[in-house]
Amino acid sequence: MKWNSVIFGLLWSIFMANLDFSSSADFFSDSSLLGKSRFQDTPSFVEEPALSYYIVRTKPAVVSCKAINAVRINFRCAEQWMEPTRVENIVNRTTSTKILSAIVNVERADVEEYFGGDFWCECFAYNTHSGPDGVNGKKSRRGTIEIAYLRKRFQREPLMTRAEASKTTLLWCLPPEGKPLPEVFWLKDNAEVNVKNDKNFIISSTGDLLISQAHLSDMGNYTCGARNLAAKRLSESAPLIVYVNGSWSSWSSWSECSAKCGRGETRRVRTCSNPTPLNGGAPCQGESVQFLPCSIICPVDGKWSAWSSWSTCNTECQHHRKRFCDDPPVEYGGSYCRGNDLDSENCTGGLCRVRGIGSEDSEHGQVGRNPSREATSTSSSNDTLIMIIGLCVAVVVFVVVIAIVVFLLRRKYRNQGYLAGNIPPLDNNGEKKNKNGQDMMSVQPDLTQQVVVFPQHSASPSPSVDTPNNNYPPVENIYDKPDVGLPIYTDHRLSNGSVLNRSSPELPPPNTPLGMSLRPPTPPNAMDSRHSILSVHLPPNADSEAVTWGSFNHAGGRLVLPESGVCMTIPEGAVKRGQEAELYLGVWRDDTNRPKIADGQTIVSPVIVCGPNLPGILMKPIILSFHHCASMRQGGWMLSLFNSDTQPEEAPCWQKLVTLGQETINTQVYAQLDPNQCHIMTEHMQWYSLIGEAVPGGRPVKILRLAAFASNTPPSVDFSIRVYVVEDTHDALEGVMQEERKFGGRLLEKPKQIPFQDGGHNLCLTIEELTPGWRSKLAANYQEIPFQHIWSGNQNNLHCSFSLELVEGSSPNVSCKIQVYQKAMLNNRQVLNIQNNFNKEKLPSCSTPSSTLKGRTSTVTTNSSSGFSSMLTLEPHANNFRLPSHIRQKLCLLLDQPNARGNDWRMLAQALTVDRYVQYFATKSSPTDHILNLWEARHREESAVTDLMNIFRVMGRMDAASVMEKDVGAWL
C-alpha cells in the first residue's frame with residue numbers, strides 16, 4: 001500500500017510537469033532559444049508600481065508589475081537590478097488576453113543600507129528573452145519604498161479645558177511624526193468620537209477637535225489618538241469641563257407694603273436659577289432683592305365741629321342749632337361722626353301758648369305733637385326748596401353766557417373777513433398777500449433744519465455774509481427736492497419779492513422722465529456684447545454702469561468695477577474642471593434695495609450683488625472686496641454682515657448673516673476687515689452689505705466725503721452750489737459723479753474727508769467770504785443736515801444747496817469758503833475753498849473719481865469673454881494671480897502639515913493678520929490654499945510677492961522661501 005502511494009505521487013508529478021511544459025510551449029515560441037518571440041507589439045503595462053510602499057516591521061514590501069505583449073519583466077531598485085521573486089502567466093478570461101505578472105520583495109535591510117535618498121523601484125517589460133537589462137524595454141513609473149513608523153511622543157497633547165456652555169471649544173492635538181502620515185481620531189471616555197454622525201464635533205486638518213456648541217453631555221475625558229500602518233498611539237487624557245454661568249430669573253411681583261398705615265417698604269426677589277451656576281460657572285452679578293419705599297394713607301375719622309349759635313325763636317316756640325362733621329372731615333375711608341347734626345329746643349321755657357290745632361286739642365284735653373320734631377321737619381323742607389331755586393338760576397346764567405360768547409365770536413370773524421369767500425386773492429406771481437401787503441409763501445416740510453440770519457437795522461442787503469448769531473430770530477427756510485431723482489437739500493428763498501423757480505438751470509425740466517438715459521450713445525459693438533448679459537440672469541433693474549460680468553473656467557480670474565472699488569476674485573479651482581461659469585458683479589445704488597436698518601445702525605459699505613445664485617456652481621469660496629467708511633482707529637464699532645438670498649428678479653430680503661467677532665464653527669463666511677476695505681470669503685453669491693452700530697458705551701466715527709458742484713455755465717444773476725455729503729467709499733462718490741455728469745455739473749474742489757461721530761449732533765454748513773457783489777439769498781448762509789439723515793446711510797447722494805444772487809456789478813467770478821463741521825465736534829472742521837473763475841478758463845464737467853482720489857485705478861482680469869461696461873478693462877491671464885499654480889501647490893504641501901514649532905499655516909495666518917477666526921481655515925482641506933487666495937485678493941501691490949517671501953524667512957520656513965526663489969526669473 002505504501003509503494004502504491006509513492007508510485008502514484010511520481011506519476012502525478014510527471015503529469016503536472018508535462019502540463020506546465022505544454023502551457024509554456026503554448027505561451028512562448030518554439031524558437032525561444034534563438035532569442036525570437038511571437039510578440040511583435042510593444043509591451044504595455046496593465047499594473048505599474050504604486051507611488052509608495054511601506055515596510056511594516058519585518059514584513060517586506062511587495063512591488064508588483066503586470067504587462068501584456070511581454071515575455072520578460074525585470075526590476076531595478078535604487079540603481080540595482082533585482083530578479084523577480086515570482087513570475088506568473090495569467091489569462092484574462094473576459095478578454096482572453098495573456099498577462100505576464102512579476103513581483104519582487106524588498107526587505108527592510110535593503111532600505112536601511114541605502115543612503116542615496118529615497119529608496120525606489122521600477123520595472124522593465126520586454127518582448128524578447130535576450131538582450132541586456134534596460135535596453136529596448138518598456139519602463140514603468142517609480143514607486144518609493146519607506147519604512148513605516150510612528151513615534152511614541154505626541155508633538156502637542158490635549159490639556160484640561162474649561163468651556164462655557166453653548167460656546168465653541170477647541171481641544172489641541174498634534175500627532176507624533178510617522179510614515180505614512182498618521183490618522184487622528186479622538187476618544188471620549190475610551191469610546192471613539194464619531195464625527196460623521198455627530199455634527200457637533202469636527203476634526204481639523206491639523207488634528208484639533210472642534211466642538212461647535214459645548215453641552216453638559218460633552219463633559220468627559222478626551223484622548224487624542226494617532227494610527228497608521230506601523231502602530232497606534234494614544235495621548236494622555238484631558239478632562240473637558242463645561243461650566244454654566246448663572247443667570248437671574250425674572251423678578252417676582254412687588255409684595256404688599258409692610259405698613260398698614262403710614263410709611264413702610266415693599267420688596268421683590270429674583271433667584272440665580274435661570275440657569276443655576278454649574279461646574280464653577282460665574283455667579284449672577286447684581287442684587288437678588290430690591291426694596292422700594294411705600295406709604296399707605298391712614299383713614300381719618302370725622303369729628304363734629306362746635307355747635308352753631310341758636311336760631312331765633314319761631315312761631316312754634318322752637319329754636320335750632322347745627323354742627324358739621326368736618327373737624328376733621330372724613331377722609332380715606334374713615335368713619336362718619338356719630339350723633340345728630342341738628343338740635344332743637346323750646347325757646348320759652350314752656351311758657352309759649354300753642355296755637356291752631358294744637359290749641360284746640362289742648363282745650364279738649366288732648367296732647368299735642370312734639371314741638372322739637374315739627375321744627376326739624378320744617379327746617380329740612382326749607383333747605384330743599386332753596387337748593388332747587390339755586391340750581392335753576394345757575395342753569396339760566398350758563399345758557400346766557402354761552403349765547404353771548406357765540407355772538408361775540410361771530411362778530412369778530414365777520415369783521416376780520418376770514419369766512420368763506422373772503423380769502424384775499426393772489427397777485428400776478430401767484431403769491432398770497434397778508435393784511436399788511438407783504439409777500440407770503442407756502443411753506444412745505446423741509447428736510448433739514450435751517451437758520452437764516454438777518455442783519456439788524458439794515459434796509460438793503462449787505463454784500464458781506466454774517467456768521468450765525470443766536471441773538472437773531474431763527475427763520476425757517478424752504479427746502480425742496482428737485483426733479484433729478486436724488487435726495488437733495490436745497491433752499492428756495494425769496495428774492496426781490498418773488499419765489500425762486502424750483503428747477504435749477506443745469507438740471508432737466510421737471511417733466512423729463514427720470515428713467516431716461518442721458519449718457520452718450522453706446523457703440524454698436526458694445527450693445528451686441530451687452531446683450532449677452534441676458535444669459536447671466538442679471539436683476540431686471542440692473543444699471544450697466546455699475547455691473548460687469550464674464551465667463552470663467554477652472555483657471556479662475558478677477559472681476560473688478562474700478563470706479564466703485566469693488567472686486568470679485570475667483571480662485572483657481574473654484575469652477576469645476578472642464579466647465580465654464582458665467583458670473584456677474586454689481587453695485588446697487590437704488591434706495592429701495594438698501595437694507596432697512598434699526599435706529600442707531602448705519603450702512604458703511606455699498607450694496608454688493610453677485611451671482612448667479614445657483615447651487616453647486618462653486619467648488620471653493622470666492623473673495624468679494626469692497627470699501628467701507630467705518631473709522632477703525634477710534635473703535636467703538638460692532639459690525640455685522642447682512643445678506644439676502646433672493647433671486648435677481650425679487651426684491652432683496654435682508655437678514656443678519658454674522659456679527660464680526662461672534663463667529664461660530666457653523667459660520668459659512670469669513671470676513672476680513674482692513675482699515676479701508678472688507679474682504680468676504682463665501683461660497684454663496686448673493687446680496688451683501690456691511691452694517692455698523694455702536695458697542696455699549698461706544699462712540700464710533702464714520703468717515704464722510706464732501707464734494708462741491710455747480711453748473712458748468714457762467715452765472716448770470718443766480719448761482720447754485722451743491723455740497724454733497726456721502727460715505728467715504730469709491731462707489732458713493734462715483735454715484736455722485738454719474739448724476740452730476742447727466743446734468744452738466746462740474747467739481748469745484750477736490751473732495752475732502754470729514755469724521756462724523758455717533759451721538760445725535762447735526763452737520764452744520766456755513767458759507768463765508770463771498771465775492772463782493774454776491775450774496776446768499778435771504779442772507780441764509782447757515783444750514784444744518786439732521787444727524788439721522790446722514791448716519792442711517794439710507795439715502796444716496798445726500799446734499800444741500802446754497803443759492804446765491806448777484807446784487808451789484810456784473811462779475812461772473814464766484815469765490816467763497818464753505819465750512820463744514822459737526823456740532824460739539826468743532827475740532828473736525830473742514831473747509832471747501834471755492835474758486836470759480838469763468839473768464840480765465842473753461843473747466844470741464846465733473847470728472848471720474850479716479851482723477852479726484854488717489855489709489856482709485858484698477859483693472860478687470862478675466863479668463864474668457866466679459867460683458868461690456870464703460871468701467872471694464874481686461875488684463876492678460878498671467879496677471880490674474882501673483883503665485884503660479886505649481887508654486888502654490890508646493891507651498892500647500894509644505895505648510896498644511898502641522899509641526900511642533902508651529903511655523904505652519906497657522907503662523908502664516910498670523911503673519912498675514914487673517915487669524916481673527918482661524919477655525920474657518922482649520923475646517924478646510926487645505927488651509928494654506930484658502931489663506932493664499934485671501935492674500936491674492938488683499939495684496940495687489942507690486943511688492944506683494946517679495947513681502948511674502950520675507951514672511952516665510954521670518955517664520956523660519958526657508959524651504960518655502962526657496963520654492964519661491966527657484967522660479968524668480970520666470971514669474972517674479
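**View 1. Strands E34 and E35 run side by side in a predicted model.** E34 and strand E35 (residues 566-570) pair in the antiparallel sense over 5 bridges; pairing asks for at least two DSSP bridges between two strands. Across this pairing, arginine 558 stands opposite threonine 569 in E35. Both strands belong to an open sheet of 5 strands, ordered E34-E35-E39-E43-E42 with antiparallel pairing. From one strand to the next, the twist averages 15 degrees. Helix H11 (residues 927-938) packs on this sheet, touching E35, strand E39 (622-627), E42 and strand E43 (677-682), and its direction makes about 145 degrees with that of E43. Touching is a matter of contact, that is, heavy atoms within 4.5 Å. Angles run from 0 to 180 degrees between N-to-C directions, with axes fitted to C-alpha atoms, for helices over the stretch in contact. Helices (H or I, at least four residues) and strands (E, at least two) are DSSP runs, numbered from the N terminus.

The model is a predicted one: local features need pLDDT of at least 70 and side-chain atom pairs pLDDT 80 or more, while totals for chains, interfaces and linings use all residues. Residues are numbered from 1 along each chain as its sequence is written, and side-chain values use heavy atoms, without hydrogens and water.

**View 2. A second open sheet has 4 strands.** Here the order is E1-E3-E7-E6, again with antiparallel pairing. Strand E1 (44-47) and strand E6 (86-92) stand at the edges with a single partner strand each, so one side of each is left without a neighbour in the sheet. Neighbouring strands are turned by 30 degrees against each other on average, direction ignored. E1 and strand E3 (residues 61-68) are joined in the antiparallel sense over 3 bridges, and the bridge partner of glutamate 47 in E3 is lysine 66.

**View 3. Helices H8 and H13 pack together.** Helix H8 (residues 885-895) and helix H13 (residues 958-966) meet at an angle of about 175 degrees, with axes 10 Å apart. That makes H8 roughly antiparallel to H13, a label for angles over 145 degrees. At the meeting place, Ile887, Lys890, Leu891 and Leu894 of H8 face Asp959, Ala960, Val963 and Met964 of H13.

**View 4. Phenylalanine 719 and tryptophan 774 form an aromatic pair.** By the rule used here, ring centres of Phe, Tyr or Trp (its six-membered ring) lie within 6.5 Å; planes under 30 degrees apart are stacked, over 60 edge-to-face and the rest tilted. The count comes to 15 aromatic pairs. This one is edge-to-face, 6.4 Å centre to centre with 65 degrees between the planes. The pair links distant parts of the chain, from strand E46 (residues 718-727) to strand E50 (residues 774-776), its two residues being 55 residues apart. Phenylalanine 719 and tryptophan 774 are buried, meaning under 20% relative accessible area with a 1.4 Å probe and protein chains only.

**View 5. Tryptophan 120 sits in strand E8 (residues 119-126).** Its relative accessible area is 8%, so tryptophan 120 is buried. Serine 52 is 68 residues away in sequence and 8.7 Å away in space, C-alpha to C-alpha. Beyond its neighbours within four places in sequence, tryptophan 120 has contacts including Arg76, Cys77, Tyr114 and Arg142.

Terms used. Buried < 20%, exposed > 50% of the residue type's maximum accessible area, 1.4 Å probe, protein only. Parallel < 35°, antiparallel > 145°, perpendicular 65-115°, else oblique.
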